Amino acid sequence: MKMERVENMCGGKGHITIRHILGEKEMNGKCRLYAEVAVEPGCSLGYHEHHGESETYYIMSGEGDYDDNGTVRPVKAGDVTFTPDGCGHGLVNTGNENLIFMALIILD
């Protein structure tokens, strides 16, 4: 599995770590991303919009504030978020441990 460290993802603070579960070949043009993402305490994934695709997060551990198209709500382990085509989202780790989630981007 390919590991990737991204600084200031989508204008966020600090960095995130992405562990790609499937590569481009395995996603067969149907998905853009299937990965485990870790956001360290105090770091964030900046607000961004999706066009021609949707994204789902499954929160595995940690806690944070999720910006759902302008409405901020807390998230924790077991929560699921969905951002449809044409909408946006962002995520801030507000806890003291890594915020870890599965990310799936499906192409429309």
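Predicted model: local features only at pLDDT ≥ 70, side-chain atom pairs only at ≥ 80, totals over all residues.

Entry on lysine 76. I looked up its accessibility and found 49%, so lysine 76 counts as partly exposed. Its partner in a salt bridge is aspartate 79, with the closest N and O atoms 3.7 Å apart.

Entry on the salt bridges. I asked how many salt bridges the structure holds. The answer is four. I followed up others besides the lysine 76 pair.

Arginine 19 and glutamate 36 meet through their side chains at 3.1 Å, N to O. This pair links distant parts of the chain, strand β2 and strand β3, 17 residues apart. Arginine 19 has a relative accessible area of 29%, so I logged it as partly exposed.

Arginine 32 and glutamate 53 form another salt bridge, at 2.8 Å, N to O. Here strand β3 is linked to strand β5, 21 residues apart. Are the two partners buried or partly exposed? Arginine 32 is partly exposed at 47%, whereas glutamate 53 is buried at 8%.

Entry on the largest pocket. I read about 300 Å³ of space in it. I counted 22 lining residues, and Arg32 is one of those that lie nearest the centre, along with Met9, Ile18, Leu33 and Ile105. I sorted the lining by class: 13 nonpolar, four polar and five charged residues. Elements that each supply at least two lining residues include β2, α1, β3, β5 and β10.

Technical notes:
Residues numbered from 1 in each chain as written. Heavy atoms only, no water. 1 Å grid on protein atoms, 1.4 Å probe; cavity = no way out; pocket = protein on both sides within 12 Å on 5 of 7 lines; lining within 4 Å. Points joined across faces, edges and corners; volume = space filled by probe spheres on them. Helix = DSSP H or I, 4+ residues; strand = E, 2+ residues; numbered from the N terminus. Nonpolar A, V, L, I, M, F, W, Y, C, P; charged D, E, K, R; others polar. Buried < 20%, exposed > 50% of the residue type's maximum accessible area, 1.4 Å probe, protein only.
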